[in-house]
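Hello,

Here is the structure I promised to pass on to you, and my notes on it follow below. Please keep it open while you read.

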Amino acid sequence: FWGEPMRSSRRLGLSLVAALLPAVVWANHLGTIGPTYPIGEESALEVIMRKLEAKARSGELDKLQQEATRRSLASVEHMRPVPGITTVQRAARRLIDPSVTYQQPVVTEDGQILAPAGTTINPFDVMTLSKVLVFFDGRDPAQREAVGRLLKSRKGELTVKPILVAGSWLDLSRTWNTQVYFDQNGVLSRRFGITAVPSVLRQQGRMLQLDEIPAGELR
């Protein structure tokens with residue numbers, strides 16, 4: 001039962017060896033063509049440096065650096081809009097309690113306890129909010145014009161702090177000759193629950209008052 005397959009396997013193996021043998025013999029008689037040299041492998045650093053030097057000589061490196069600078073400035077000048085912010089359709093008002101309750105004790109570096117765990121502190125007990133914060137979308141012409149008028153009407157009072165949720169803060173800072181801020185990553189919008197603009201945030205006693213005001217009614 002096993003004999004014939006075994007003999008067939010041996011014959012097949014011998015046939016393969018016979019078929020491969022001429023190629024092996026031929027390969028052994030190729031000889032040496034021309035002089036031989038040791039293989040020298042160039043390091044990755046040397047390759048990179050050589051390419052950089054070539055780009056520097058051709059001026060390409062300067063162009064790459066300028067393009068990188070342009071992209072970097074563009075990302076700063078035109079920050080990503082805060083997601084989830086819509087345009088105010090009608091006026092609305094709500095009050096926000098800024099009080100903070102500490103779950104862990106607040107201690108100094110030397111271990112003195114400033115506030116035990118469970119303490120609730122309202123920041124307006126020790127400070128006041130001297131600015132009126134105006135959140136708006138700089139891409140919307142109506143909102144831009146409304147906030148621009150607001151800044152002019154209160155010029156010299158230093159009470160309005162314009163904060164963008166979208167648009168170019170740098171362009172508006174130049175146009176209005178005043179510092180325009182950007183709510184980067186939506187930190188303030190999330191903290192105060194701002195979902196529509198223009199929105200005006202100001203202190204009202206021990207509370208924060210948030211007004212959603214259509215651009216045409218912003219004063």
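Against which elements do the buried residues of α4 pack? Before the answer, please bear in mind that this is a predicted model. The buried residues of α4 pack against the strands β1 (86–87), β7 (132–137), β8 (160–166) and β10 (196–197), and also against the helix α5 (169–176). The residues of α4 that are buried are Gln 143, Ala 146, Val 147, Gly 148, Leu 150 and Leu 151.

At its N-terminal end, α4 is capped by Asp 140, which has a side-chain oxygen 3.1 Å from the backbone nitrogen of Ala 142.

Some backbone angles also deserve a look. Most residues other than glycine have a negative phi, and most peptide bonds are trans. Asn 177, which is found in the loop between α5 and β9 (181–182), has a positive phi of about 55 degrees although it is not a glycine, and it counts as exposed because its relative accessibility is 71%, where the cut-off is over 50%. Asn 185, in the loop between β9 and α6 (187–192), likewise has a positive phi, of about 65 degrees, and with a relative accessible area of 59% it is exposed. Finally, Val 197 and Pro 198 are joined by a cis peptide bond with an omega of about 5 degrees, and Pro 198 sits in the loop between β10 and β11 (199–204).

Best wishes

Notes
Residues numbered from 1 in each chain as written. Predicted model: local features only at pLDDT ≥ 70, side-chain atom pairs only at ≥ 80, totals over all residues. Heavy atoms only, no water. Buried < 20%, exposed > 50% of the residue type's maximum accessible area, 1.4 Å probe, protein only. Helix = DSSP H or I, 4+ residues; strand = E, 2+ residues; numbered from the N terminus. Contact = heavy atoms within 4.5 Å. Polar contact = N/O pair within 3.5 Å; in protein donor to acceptor, adjacent residues only side chain to side chain.
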